[in-house]
Amino acid sequence: MPVIPKIRPVSDLRNKFKDISKTVHESNEPVYLTKNGRGDMVVMSIDAYEQNLFQSEMYVKLKEAEYQAVSTKKRYTHDEVMTELKNTINKETKKKG
């Protein structure tokens, strides 16, 4: 079932802040604020923002991987990838230790 966007006038940010805060935290969805009947701002919880940011970063990385896959014929086996990953982790652990 699609989520109906929550739209409020920007004046509610000042007059009904607690209500808006409760809404964004309980629903984990943004609240769209309007000014003079037009979209002006979006308010969301930090958790929702970080999730959105994570998803955006993952999307960019997947697009980069798709581009690399198309632009080269080089392929790696599972064992090659895991060995390289373990080596990288070991190097980073030694730097910190």
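In which strand does Met 41 lie? Met 41 lies in strand β3, which covers residues 38-43; helices (H or I, at least four residues) and strands (E, at least two) are DSSP runs, numbered from the N terminus. The structure is a predicted model, in which local features need pLDDT of at least 70, side-chain atom pairs count only at pLDDT 80 or more, and totals for chains, interfaces and linings use all residues. Residues are numbered from 1 along each chain as its sequence is written, and side-chain values use heavy atoms, with hydrogens and water left out.

**Confidence**

- The chain has an average pLDDT of 93, and 99% of the residues score at least 70; pLDDT is the predictor's confidence in each residue, from 0 to 100.
- Within the chain, strand β2 (residues 31-35) has the highest confidence, at 97, while α4 has the lowest, at a mean of 92.

**Salt bridges**

- Side chains of opposite charge can pair when their charged atoms come close.
- The count of salt bridges is four, where a salt bridge is a side-chain nitrogen of Lys or Arg within 4 Å of a carboxyl oxygen of Asp or Glu.
- Arg 8, Asp 12 and Asp 19 are linked in a network of such bridges.
- In the pair formed by Arg 8 and Asp 12, the closest N and O atoms are 2.8 Å apart.
- Arg 8 is buried, at a relative accessible area of 16%, and Asp 12 is buried as well, at 9%; buried means under 20% relative accessible area, exposed over 50%, and partly exposed in between (1.4 Å probe, protein chains only).
- Arg 8 also forms a salt bridge with Asp 19, with 2.9 Å between the closest N and O atoms.
- Because Arg 8 belongs to strand β1 (residues 6-9) and Asp 19 to helix α2 (residues 17-27), this pair ties together parts that are 11 residues apart in sequence.
- Asp 19 is partly exposed, with a relative accessible area of 37%.
- Glu 92 and Lys 95 form another salt bridge, their closest N and O atoms being 3.6 Å apart.
- These two residues are three apart in helix α4 (residues 78-96), so about one helical turn separates Glu 92 from Lys 95.
- Glu 92 is partly exposed at 37% relative accessibility, whereas Lys 95 is exposed at 65%.

**Thr 23 in helix α2**

- Thr 23 has its place in helix α2 and is buried, with a relative accessible area of 18%.
- The side chain of Thr 23 reaches the backbone oxygen of Asp 19 at 2.9 Å.
- Leaving out residues up to four places away in sequence, Thr 23 touches Lys 6, Arg 8, Asn 28 and Val 31; contact means heavy atoms within 4.5 Å.

- Met 41 counts as partly exposed, at 37% relative accessibility.
- Apart from neighbours within four places in sequence, Met 41 is in contact with Val 10, Leu 13, Val 31, Tyr 32 and Leu 33.
- From C-alpha to C-alpha, Met 41 and Ser 21 are 14 Å apart in space, and they are 20 residues apart in sequence.

**Nonpolar surface patch**

- Tyr 76, Val 81, Met 82, Leu 85 and Ile 89 make a nonpolar surface patch of about 470 Å².
- Patches are made of residues with over 30% relative accessible area and no salt bridge, like charges being joined within 9 Å and nonpolar side chains (Val, Leu, Ile, Met, Phe, Trp, Tyr) within 5 Å.
- Accessible areas come from the Shrake-Rupley method with a 1.4 Å probe; for residues, only the protein chains shown count as cover.
- Ile 89 is found in helix α4 and is partly exposed, with a relative accessible area of 48%.

Terms used
Polar contact = N/O pair within 3.5 Å; in protein donor to acceptor, adjacent residues only side chain to side chain.
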